[in-house]
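Please examine the sequence and the structure shown below.

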Amino acid sequence: MAARRRIFSGVQPTGVPHLGNYLGAISLWVAMQAEYEAVFCIADLHALTTPDTVNPAHLRTAVRDTAAILLASGVDPAHAILFVQSRVPAHAELAWLLGTVTPVGWLERMIQFKTRSAEGDSVGAGLLAYPVLQAADILLYRTDVVPVGEDQRQHIELTRDIARRFHGLFGEVFTLPEALYRSGGARIMGLDDPGTKMSKSAGRHRARHAIGLVDSPDSIRDVIMHAVTDGGREVRADDLSPGVANLVTIYQLLTSRSRGEVLAEFEGKGYAMLKASVAEAVISTLDPIQQRYRELSAEPEALDAILDSGAERARPLAGATLERVKRAMGLDAPPPPPGARLSAIA
Ligand code: AQP
(Lines give C-alpha, C1' and ligand atoms only; values in the text may rest on other atoms or scores of the structure.)
Protein backbone atom coordinates (compact mmCIF):
# COMPACT_ATOMS: atom_id res chain seq x y z
CA MET A 1 0.00 0.00 0.00
CA ALA A 2 1.37 3.46 -0.91
CA ALA A 3 2.48 5.60 2.06
CA ARG A 4 0.04 8.32 2.97
CA ARG A 5 1.04 11.84 1.99
CA ARG A 6 1.89 14.16 4.86
CA ILE A 7 0.33 17.49 5.78
CA PHE A 8 1.89 19.99 8.14
CA SER A 9 0.50 23.29 9.39
CA GLY A 10 0.66 25.56 12.41
CA VAL A 11 -0.98 28.32 14.36
CA GLN A 12 0.67 30.90 16.55
CA PRO A 13 -0.41 31.09 20.19
CA THR A 14 -0.77 34.85 19.89
CA GLY A 15 -4.32 34.96 21.23
CA VAL A 16 -7.59 33.13 20.88
CA PRO A 17 -7.92 31.79 17.32
CA HIS A 18 -10.62 33.57 15.31
CA LEU A 19 -13.13 32.70 12.65
CA GLY A 20 -10.56 33.39 9.91
CA ASN A 21 -8.16 30.84 11.44
CA TYR A 22 -11.02 28.36 11.70
CA LEU A 23 -12.41 28.78 8.18
CA GLY A 24 -9.07 29.29 6.43
CA ALA A 25 -7.00 26.66 8.22
CA ILE A 26 -8.27 24.69 11.21
CA SER A 27 -11.45 23.32 9.57
CA LEU A 28 -9.31 22.24 6.61
CA TRP A 29 -6.90 20.42 8.93
CA VAL A 30 -9.79 18.58 10.53
CA ALA A 31 -11.20 17.59 7.15
CA MET A 32 -7.82 16.28 5.95
CA GLN A 33 -6.42 14.56 9.05
CA ALA A 34 -7.91 11.12 8.37
CA GLU A 35 -6.71 10.93 4.79
CA TYR A 36 -3.19 12.30 5.30
CA GLU A 37 -0.49 11.76 7.88
CA ALA A 38 -1.13 14.97 9.80
CA VAL A 39 1.32 17.06 11.85
CA PHE A 40 0.04 20.25 13.52
CA CYS A 41 2.19 22.66 15.45
CA ILE A 42 1.49 25.38 18.02
CA ALA A 43 4.15 27.82 16.89
CA ASP A 44 5.30 29.39 20.14
CA LEU A 45 8.74 30.34 18.79
CA HIS A 46 7.00 32.35 16.08
CA ALA A 47 4.76 33.98 18.67
CA LEU A 48 7.85 35.45 20.35
CA THR A 49 8.16 37.85 17.41
CA THR A 50 4.84 39.47 18.36
CA PRO A 51 5.76 42.01 21.07
CA ASP A 52 2.41 41.81 22.90
CA THR A 53 2.88 38.14 23.62
CA VAL A 54 6.35 38.40 25.12
CA ASN A 55 4.94 37.72 28.55
CA PRO A 56 5.80 34.27 29.89
CA ALA A 57 2.54 33.79 31.80
CA HIS A 58 0.42 34.88 28.82
CA LEU A 59 2.37 32.68 26.46
CA ARG A 60 1.97 29.59 28.64
CA THR A 61 -1.76 30.20 28.92
CA ALA A 62 -2.09 30.92 25.21
CA VAL A 63 -0.34 27.66 24.29
CA ARG A 64 -2.80 25.61 26.39
CA ASP A 65 -5.79 27.62 25.16
CA THR A 66 -4.74 27.15 21.56
CA ALA A 67 -4.34 23.41 22.12
CA ALA A 68 -7.81 23.26 23.69
CA ILE A 69 -9.35 25.19 20.77
CA LEU A 70 -7.70 22.98 18.17
CA LEU A 71 -8.87 19.81 19.91
CA ALA A 72 -12.35 21.25 20.47
CA SER A 73 -12.51 22.13 16.77
CA GLY A 74 -11.92 18.49 15.89
CA VAL A 75 -8.15 17.98 15.67
CA ASP A 76 -7.91 14.37 16.79
CA PRO A 77 -4.71 13.10 18.44
CA ALA A 78 -5.66 9.60 17.28
CA HIS A 79 -5.07 10.80 13.72
CA ALA A 80 -2.81 13.82 14.03
CA ILE A 81 0.38 14.73 15.83
CA LEU A 82 -0.29 17.94 17.79
CA PHE A 83 2.74 19.48 19.47
CA VAL A 84 4.34 22.70 20.68
CA GLN A 85 7.15 23.91 18.43
CA SER A 86 9.70 24.76 21.15
CA ARG A 87 9.42 21.20 22.51
CA VAL A 88 11.08 19.88 19.34
CA PRO A 89 14.52 21.56 19.27
CA ALA A 90 15.19 20.50 15.67
CA HIS A 91 12.99 23.43 14.51
CA ALA A 92 15.38 26.05 15.87
CA GLU A 93 18.44 24.10 14.73
CA LEU A 94 17.25 23.66 11.16
CA ALA A 95 16.20 27.32 11.05
CA TRP A 96 19.80 28.30 11.78
CA LEU A 97 21.14 26.00 9.07
CA LEU A 98 18.63 27.24 6.49
CA GLY A 99 19.35 30.84 7.51
CA THR A 100 22.91 30.38 6.31
CA VAL A 101 21.68 29.74 2.76
CA THR A 102 18.87 32.33 2.67
CA PRO A 103 19.66 35.73 1.14
CA VAL A 104 18.59 38.64 3.37
CA GLY A 105 16.99 40.28 0.32
CA TRP A 106 14.46 37.42 0.13
CA LEU A 107 13.44 38.07 3.73
CA GLU A 108 13.27 41.85 3.39
CA ARG A 109 10.77 41.42 0.57
CA MET A 110 8.27 39.50 2.72
CA ILE A 111 5.01 41.42 3.08
CA GLN A 112 4.55 40.39 6.70
CA PHE A 113 8.02 41.70 7.58
CA LYS A 114 7.42 44.97 5.73
CA THR A 115 4.04 45.51 7.38
CA ARG A 116 5.03 44.59 10.90
CA SER A 117 8.38 46.35 10.84
CA ALA A 118 6.64 49.52 9.64
CA GLU A 119 4.32 49.35 12.68
CA GLY A 120 6.85 48.89 15.49
CA ASP A 121 9.66 51.19 16.60
CA SER A 122 12.06 48.34 17.31
CA VAL A 123 12.27 45.28 15.09
CA GLY A 124 13.92 42.11 16.36
CA ALA A 125 16.07 40.00 14.05
CA GLY A 126 13.55 37.22 14.74
CA LEU A 127 10.89 39.07 12.75
CA LEU A 128 13.16 39.10 9.71
CA ALA A 129 14.14 35.46 10.21
CA TYR A 130 10.53 34.33 10.86
CA PRO A 131 9.98 32.83 7.37
CA VAL A 132 13.18 30.79 7.69
CA LEU A 133 11.85 29.21 10.88
CA GLN A 134 8.59 28.58 9.07
CA ALA A 135 10.48 26.91 6.23
CA ALA A 136 12.25 24.74 8.81
CA ASP A 137 8.88 23.80 10.38
CA ILE A 138 7.53 22.60 7.05
CA LEU A 139 10.67 21.00 5.61
CA LEU A 140 11.53 19.04 8.78
CA TYR A 141 8.50 16.80 8.29
CA ARG A 142 9.10 16.17 4.59
CA THR A 143 5.69 17.74 4.10
CA ASP A 144 3.76 17.16 0.88
CA VAL A 145 0.89 19.57 1.48
CA VAL A 146 0.50 22.65 3.69
CA PRO A 147 -3.15 23.57 4.34
CA VAL A 148 -3.09 27.29 5.17
CA GLY A 149 -4.88 30.57 4.71
CA GLU A 150 -4.11 32.55 1.59
CA ASP A 151 -2.03 35.06 3.61
CA GLN A 152 0.67 32.38 3.76
CA ARG A 153 1.14 32.15 -0.02
CA GLN A 154 4.38 34.14 -0.07
CA HIS A 155 5.79 32.14 2.86
CA ILE A 156 5.16 28.78 1.23
CA GLU A 157 6.77 30.03 -1.99
CA LEU A 158 9.79 31.14 0.04
CA THR A 159 9.97 27.73 1.72
CA ARG A 160 10.18 26.13 -1.71
CA ASP A 161 12.84 28.64 -2.82
CA ILE A 162 14.95 27.95 0.27
CA ALA A 163 14.67 24.18 -0.26
CA ARG A 164 15.65 24.53 -3.94
CA ARG A 165 18.63 26.68 -3.04
CA PHE A 166 19.72 24.17 -0.43
CA HIS A 167 19.42 21.37 -2.99
CA GLY A 168 21.54 23.34 -5.46
CA LEU A 169 24.28 23.72 -2.85
CA PHE A 170 24.19 20.42 -0.97
CA GLY A 171 22.03 17.93 -2.87
CA GLU A 172 18.43 16.76 -2.55
CA VAL A 173 17.21 16.35 1.01
CA PHE A 174 13.78 17.95 1.28
CA THR A 175 10.35 17.32 -0.14
CA LEU A 176 9.06 20.41 -1.97
CA PRO A 177 5.72 21.24 -0.30
CA GLU A 178 2.56 22.43 -2.03
CA ALA A 179 0.21 24.90 -0.38
CA LEU A 180 -3.47 24.03 -0.18
CA TYR A 181 -6.06 26.78 0.30
CA ARG A 182 -9.70 26.52 1.22
CA SER A 183 -11.46 27.23 -2.06
CA GLY A 184 -13.41 30.47 -2.03
CA GLY A 185 -12.61 31.35 1.58
CA ALA A 186 -8.91 31.25 2.21
CA ARG A 187 -8.82 34.88 3.35
CA ILE A 188 -11.49 36.09 5.76
CA MET A 189 -11.37 39.85 6.14
CA GLY A 190 -11.68 42.02 9.26
CA LEU A 191 -15.31 42.83 10.09
CA ASP A 192 -14.38 46.41 10.98
CA ASP A 193 -12.36 46.85 7.77
CA PRO A 194 -12.84 44.47 4.84
CA GLY A 195 -9.58 45.79 3.38
CA THR A 196 -7.43 43.96 5.94
CA LYS A 197 -7.41 40.28 6.82
CA MET A 198 -8.88 39.17 10.10
CA SER A 199 -5.94 38.60 12.46
CA LYS A 200 -5.37 37.90 16.13
CA SER A 201 -2.96 40.79 16.51
CA ALA A 202 -5.33 43.33 14.93
CA GLY A 203 -8.14 41.93 17.11
CA ARG A 204 -6.25 42.90 20.25
CA HIS A 205 -6.31 46.59 19.34
CA ARG A 206 -9.45 47.00 17.26
CA ALA A 207 -12.94 46.53 18.67
CA ARG A 208 -15.30 44.54 16.40
CA HIS A 209 -12.44 43.40 14.14
CA ALA A 210 -12.60 39.63 14.65
CA ILE A 211 -14.80 36.88 16.04
CA GLY A 212 -12.87 34.83 18.57
CA LEU A 213 -13.83 31.17 18.60
CA VAL A 214 -14.85 31.41 22.26
CA ASP A 215 -16.74 34.72 22.03
CA SER A 216 -20.24 34.77 23.54
CA PRO A 217 -23.32 34.72 21.29
CA ASP A 218 -24.10 38.33 22.28
CA SER A 219 -20.64 39.49 21.36
CA ILE A 220 -20.78 37.59 18.04
CA ARG A 221 -24.14 39.21 17.18
CA ASP A 222 -22.81 42.63 18.14
CA VAL A 223 -19.68 42.33 15.98
CA ILE A 224 -21.52 40.97 12.94
CA MET A 225 -24.47 43.37 13.12
CA HIS A 226 -21.91 46.23 13.15
CA ALA A 227 -19.78 44.76 10.34
CA VAL A 228 -18.69 47.42 7.86
CA THR A 229 -20.48 47.05 4.52
CA ASP A 230 -21.08 50.05 2.21
CA GLY A 231 -23.57 52.88 1.58
CA GLY A 232 -26.19 50.52 0.09
CA ARG A 233 -28.97 48.69 1.89
CA GLU A 234 -29.68 45.53 -0.08
CA VAL A 235 -27.63 42.63 -1.42
CA ARG A 236 -27.01 42.92 -5.18
CA ALA A 237 -25.33 39.74 -6.41
CA ASP A 238 -23.74 41.51 -9.37
CA ASP A 239 -22.28 44.32 -7.27
CA LEU A 240 -20.94 43.04 -3.94
CA SER A 241 -18.71 45.40 -2.00
CA PRO A 242 -15.81 43.78 -0.11
CA GLY A 243 -17.63 43.92 3.24
CA VAL A 244 -20.77 42.23 1.91
CA ALA A 245 -18.71 39.70 -0.06
CA ASN A 246 -16.87 38.80 3.16
CA LEU A 247 -20.17 38.12 4.97
CA VAL A 248 -21.40 36.02 2.03
CA THR A 249 -18.16 34.01 2.11
CA ILE A 250 -18.46 33.35 5.83
CA TYR A 251 -22.07 32.24 5.47
CA GLN A 252 -21.28 30.07 2.46
CA LEU A 253 -18.46 28.25 4.24
CA LEU A 254 -20.37 27.76 7.47
CA THR A 255 -23.45 26.37 5.73
CA SER A 256 -21.49 24.36 3.10
CA ARG A 257 -23.48 25.90 0.28
CA SER A 258 -22.40 27.26 -3.08
CA ARG A 259 -21.92 30.99 -3.57
CA GLY A 260 -24.73 30.95 -6.14
CA GLU A 261 -27.17 29.42 -3.64
CA VAL A 262 -26.28 31.96 -0.97
CA LEU A 263 -26.56 34.89 -3.35
CA ALA A 264 -29.93 33.64 -4.59
CA GLU A 265 -31.15 33.41 -0.98
CA PHE A 266 -30.16 36.99 -0.15
CA GLU A 267 -30.60 38.79 -3.49
CA GLY A 268 -32.60 41.98 -2.86
CA LYS A 269 -32.73 41.37 0.92
CA GLY A 270 -31.46 43.95 3.39
CA TYR A 271 -27.96 43.79 4.85
CA ALA A 272 -29.49 43.39 8.32
CA MET A 273 -31.07 40.11 7.27
CA LEU A 274 -27.80 38.82 5.81
CA LYS A 275 -25.96 39.83 8.98
CA ALA A 276 -28.51 38.18 11.25
CA SER A 277 -28.25 34.93 9.28
CA VAL A 278 -24.45 35.03 9.37
CA ALA A 279 -24.51 35.64 13.13
CA GLU A 280 -26.79 32.67 13.76
CA ALA A 281 -24.67 30.41 11.51
CA VAL A 282 -21.52 31.43 13.40
CA ILE A 283 -23.16 30.90 16.79
CA SER A 284 -24.49 27.46 15.94
CA THR A 285 -21.14 26.36 14.46
CA LEU A 286 -19.21 27.58 17.48
CA ASP A 287 -21.60 26.31 20.16
CA PRO A 288 -20.36 22.67 20.23
CA ILE A 289 -16.75 23.82 19.87
CA GLN A 290 -17.16 26.14 22.86
CA GLN A 291 -18.75 23.41 24.99
CA ARG A 292 -15.91 21.02 24.23
CA TYR A 293 -13.36 23.81 24.79
CA ARG A 294 -14.74 24.39 28.30
CA GLU A 295 -14.49 20.67 29.11
CA LEU A 296 -10.92 20.43 27.80
CA SER A 297 -9.82 23.59 29.60
CA ALA A 298 -10.99 22.10 32.89
CA GLU A 299 -8.41 19.34 32.49
CA PRO A 300 -5.02 20.99 31.93
CA GLU A 301 -3.11 17.81 32.80
CA ALA A 302 -4.89 15.92 30.03
CA LEU A 303 -4.05 18.71 27.58
CA ASP A 304 -0.41 18.64 28.63
CA ALA A 305 -0.31 14.87 28.19
CA ILE A 306 -1.60 15.21 24.61
CA LEU A 307 1.04 17.83 23.85
CA ASP A 308 3.79 15.75 25.50
CA SER A 309 2.86 12.74 23.44
CA GLY A 310 2.70 14.90 20.28
CA ALA A 311 6.25 16.15 20.88
CA GLU A 312 7.44 12.58 21.49
CA ARG A 313 6.00 11.55 18.13
CA ALA A 314 7.29 14.63 16.29
CA ARG A 315 10.90 14.46 17.54
CA PRO A 316 12.05 11.35 15.65
CA LEU A 317 10.47 12.56 12.39
CA ALA A 318 12.14 15.95 12.71
CA GLY A 319 15.40 14.44 13.96
CA ALA A 320 15.72 12.16 10.93
CA THR A 321 15.51 15.10 8.50
CA LEU A 322 17.86 17.20 10.58
CA GLU A 323 20.45 14.40 10.50
CA ARG A 324 20.23 14.21 6.71
CA VAL A 325 20.66 17.98 6.45
CA LYS A 326 23.67 17.96 8.74
CA ARG A 327 25.28 15.12 6.81
CA ALA A 328 24.69 16.97 3.54
CA MET A 329 26.33 20.09 5.00
CA GLY A 330 29.31 18.23 6.46
CA LEU A 331 28.23 18.63 10.07
CA ASP A 332 28.27 14.93 10.87
CA ALA A 333 31.22 13.42 12.73
CA PRO A 334 33.97 12.50 10.20
CA PRO A 335 34.48 8.76 9.66
CA PRO A 336 37.60 7.33 11.36
CA PRO A 337 40.63 7.19 9.06
CA PRO A 338 41.16 3.77 7.45
CA GLY A 339 43.00 1.38 9.75
CA ALA A 340 42.64 3.63 12.80
CA ARG A 341 42.42 1.65 16.03
CA LEU A 342 40.44 2.88 18.98
CA SER A 343 43.32 2.05 21.32
CA ALA A 344 45.60 4.34 19.29
CA ILE A 345 43.17 7.21 19.76
CA ALA A 346 42.64 6.62 23.46
N1 AQP B 1 -8.12 36.03 7.99
C2 AQP B 1 -7.77 34.79 7.69
N3 AQP B 1 -8.47 34.09 6.78
C4 AQP B 1 -8.13 32.80 6.48
N5 AQP B 1 -7.10 32.16 7.07
C6 AQP B 1 -6.38 32.83 8.00
N7 AQP B 1 -5.32 32.50 8.75
C8 AQP B 1 -4.95 33.55 9.51
N9 AQP B 1 -5.78 34.58 9.30
C10 AQP B 1 -6.67 34.17 8.34
C11 AQP B 1 -4.67 31.20 8.72
O12 AQP B 1 -4.70 30.67 10.05
C13 AQP B 1 -3.50 29.90 10.26
C14 AQP B 1 -2.84 30.37 11.54
O15 AQP B 1 -2.29 31.66 11.31
P16 AQP B 1 -1.73 32.64 12.43
O17 AQP B 1 -1.62 31.95 13.73
O18 AQP B 1 -0.53 33.34 11.89
O19 AQP B 1 -2.98 33.62 12.51
P20 AQP B 1 -3.09 35.22 12.56
O21 AQP B 1 -4.47 35.53 12.96
O22 AQP B 1 -2.60 35.79 11.27
O23 AQP B 1 -2.12 35.52 13.74
P24 AQP B 1 -1.48 36.88 14.19
O25 AQP B 1 -0.94 36.62 15.54
O26 AQP B 1 -2.44 38.00 14.03
O27 AQP B 1 -0.31 37.02 13.17
P28 AQP B 1 -0.03 38.15 12.10
O29 AQP B 1 -0.07 39.45 12.83
O30 AQP B 1 1.33 37.76 11.64
O31 AQP B 1 -1.08 38.03 11.04
C32 AQP B 1 -2.63 30.10 9.01
O33 AQP B 1 -2.81 29.00 8.15
C34 AQP B 1 -3.20 31.33 8.38
O35 AQP B 1 -3.02 31.35 6.97
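With 346 residues, a compact globule would have a radius of gyration near 20 Å, and the protein agrees with this, because its value is 22 Å. The radius of gyration is taken over C-alpha atoms, and the globule rule is 2.2 Å times the number of residues to the power 0.38. The model is predicted: local features need pLDDT of at least 70, side-chain atom pairs count only at pLDDT 80 or more, and totals for chains, interfaces and linings use all residues. Residues are numbered from 1 along each chain as its sequence is written, and side-chain values use heavy atoms, with hydrogens and water left out.

**Overall form**

- The C-alpha trace of the protein spans about 90 × 50 × 45 Å along its principal axes.
- The protein has 15 helices and 5 strands; these are DSSP runs numbered from the N terminus, helices being H or I with at least four residues and strands E with at least two.
- Of the 346 residues, 48% are buried, where buried means under 20% relative accessible area (1.4 Å probe, protein chains only).
- Among contacts (heavy atoms within 4.5 Å) between residues at least 6 apart in sequence, 78% join residues at least 24 apart.

**Strand S3**

- In strand S3 (residues 80-84), 5 of the 5 residues are buried.
- Both faces of S3 are covered, with Ala 80, Leu 82 and Val 84 on one side and Ile 81 and Phe 83 on the other.
- Strand S2 (residues 37-42) pairs with S3 in the parallel sense over 5 bridges; two strands pair if DSSP finds at least two bridges between them.
- Ala 38 stands opposite Ala 80 in S3.

**Helices H4 and H7**

- Two packed helices are described by the angle between their axes and the distance between the axes.
- Helix H4 (residues 90-99) and helix H7 (residues 125-140) pack at an angle of about 115°, with their axes 8 Å apart; axes are lines fitted to C-alpha atoms over the stretch in contact, and angles run from 0 to 180 degrees between N-to-C directions.
- Residues making this contact include Ala 90, His 91 and Leu 94 of H4, and Val 132, Leu 133 and Asp 137 of H7.

**Residue Tyr 141**

- Tyr 141 lies in the loop between H7 and strand S4 (145-147).
- Tyr 141 is buried, with a relative accessible area of 0%.
- Not counting residues up to four places away in sequence, Tyr 141 touches several residues, among them Arg 6, Phe 83, His 91 and Leu 317.
- Tyr 141 and Ala 38 are 103 residues apart in sequence and 9.9 Å apart in space, C-alpha to C-alpha.

Note on methods
Buried means under 20% relative accessible area, exposed over 50%, partly exposed in between (1.4 Å probe, protein chains only).
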